[in-house]
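Dear colleague,

I am handing over the structure below and would be glad if you could look through it alongside my notes.

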Amino acid sequence: MWKLIVGFIAFAALALYILTKSGGNIDLSGESHSISVPHEPASAASDAASAAVTAAVEAASAPSPGASQ
């Protein structure tokens, strides 16, 4: 059992060493809640969603060309 624990620790240490030496952006400080890219305004997203819903409703309610009446 102790060999399994030692092997895991050695593998984790090797993986961290390789990741830090490869130049990757390794952040071990936990969750970060900083916003680096601002989101678009809510009104623009809302307008786009409304337009998409309207187009979908119109497409669904339009009669199909091959439908018999």
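What follows is a short account of what was found.

This is a predicted model, in which local features need pLDDT of at least 70 and side-chain atom pairs count only at pLDDT 80 or more, while totals for chains, interfaces and linings use all residues. Residues are numbered from 1 along each chain as its sequence is written, and side-chain values use heavy atoms, with hydrogens and water left out.

The protein has two helices and zero strands, these being DSSP runs (H or I of at least four residues for helices, E of at least two for strands) numbered from the N terminus. Of its 69 residues, 0% count as buried, where buried means under 20% relative accessible area, exposed over 50% and partly exposed in between, with a 1.4 Å probe and protein chains only.

Ser22 lies in the loop between α1 and α2 (42–61), and, with a relative accessible area of 52%, Ser22 is exposed. Its side chain reaches the backbone oxygen of Leu19 at 2.9 Å. Gly23, which follows α1, has a positive phi near 90 degrees.

Best regards

Notes. A polar contact is a pair of N or O atoms within 3.5 Å; within protein, one must be able to donate a hydrogen and the other to accept it, and residues adjacent in sequence count only if both atoms are side-chain atoms.
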